[in-house]
Amino acid sequence: MSELLTPEALSALLQVIFIDLVLAGDNAIVIGLAAAGLPKDQRNKAILIGIMAATVLRIGFAAATTQLLQIVGLLLAGGVLLLWVCWKMWRELQASQGQEVEVAEALEGRDINLDGEIAAGAPRKTFAQATWLIVVADVSMSLDNVLAVAGAARDHLAVMVFGLALSIAMMGLAATYIARLLQRYRWIAYAGLAIILYVALEMIYRGSHEVLAHLNF
């Protein structure tokens, strides 16, 4: 417990909490966008499937990633992958600004703009198409979340375990609420994006030194 009270561990813990908050909400927003073009009964089912799949995937990736990052070179590769995640998040934040109403209506299941329909502006799709989009997004974003938490926690095992457990809990219990929070307060998403960018650059820096030390050996 005392290792969590050091300045380095507390800094890592705050980064991990912010990363979990932003990525859980971002994952839920993507699920809402994918499900927005479905009829009400199918939309609720697709959102539930998406959140359950993301929760299970986070558990699986958490079990594997903590071991994989011990392999020389994978820390560097993980940092490069997180850079791509930052770019992807930036594009999603820009794209979703014009779709805020559709996302909110899909997640909350109510007609917010009083146009007589829920997510009327979203493109129509079949249940199979929406489910496929959600599963693909869940795989990518669950891996992103686990990598970002592992990178931010650095050598603090307790912080990493806490962060991964918090990520799973947020996705399973509060994802739609967090998504609405991010839709309302966009600055939280941008602040989280900045933290993930910092983690990615630090992982690349540490991973490069790790690879160079191994090659020189």
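How many helices and strands does the secondary structure of the protein come to? The protein has 8 helices and 0 strands, where helices (H or I, at least four residues) and strands (E, at least two) are DSSP runs numbered from the N terminus. Along the sequence the pattern reads α-α-α-α-α-α-α-α.

The model is predicted: local features need pLDDT of at least 70, side-chain atom pairs count only at pLDDT 80 or more, and totals for chains, interfaces and linings use all residues. Residues are numbered from 1 along each chain as its sequence is written, and side-chain values use heavy atoms, with hydrogens and water left out.

The following table lists values for the protein.

| Property | Value |
|---|---|
| Buried residues (under 20% relative accessible area, 1.4 Å probe, protein chains only) | 46% of the 217 residues |
| Contacts (heavy atoms within 4.5 Å) with a separation of 6 or more that join residues 24 or more positions apart | 84% |
| Accessible surface (Shrake-Rupley method, 1.4 Å probe) | about 10,800 Å² |
| Part of the accessible surface belonging to carbon and sulfur atoms | 69% |

Helix α1 (residues 7-35) and helix α5 (residues 127-153) have axes that come within 10 Å and cross at roughly 175 degrees. Axes are lines fitted to C-alpha atoms, for helices over the stretch in contact, with angles from 0 to 180 degrees between N-to-C directions. The two helices α1 and α5 are therefore roughly antiparallel (over 145 degrees). Their contact comprises 16 nonpolar, 4 polar and 4 charged residues; Ala, Val, Leu, Ile, Met, Phe, Trp, Tyr, Cys and Pro count as nonpolar, Asp, Glu, Lys and Arg as charged, and the others, Gly among them, as polar.

Asn145 lies in helix α5 and is buried, with a relative accessible area of 1%. Leaving aside residues up to four places away in sequence, Asn145 touches Ile19, Asp20, Leu23, Arg58 and Ser167.

Note on methods: Angles under 35 degrees count as roughly parallel, over 145 as roughly antiparallel, 65 to 115 as roughly perpendicular and the rest as oblique. Buried means under 20% relative accessible area, exposed over 50%, partly exposed in between (1.4 Å probe, protein chains only).
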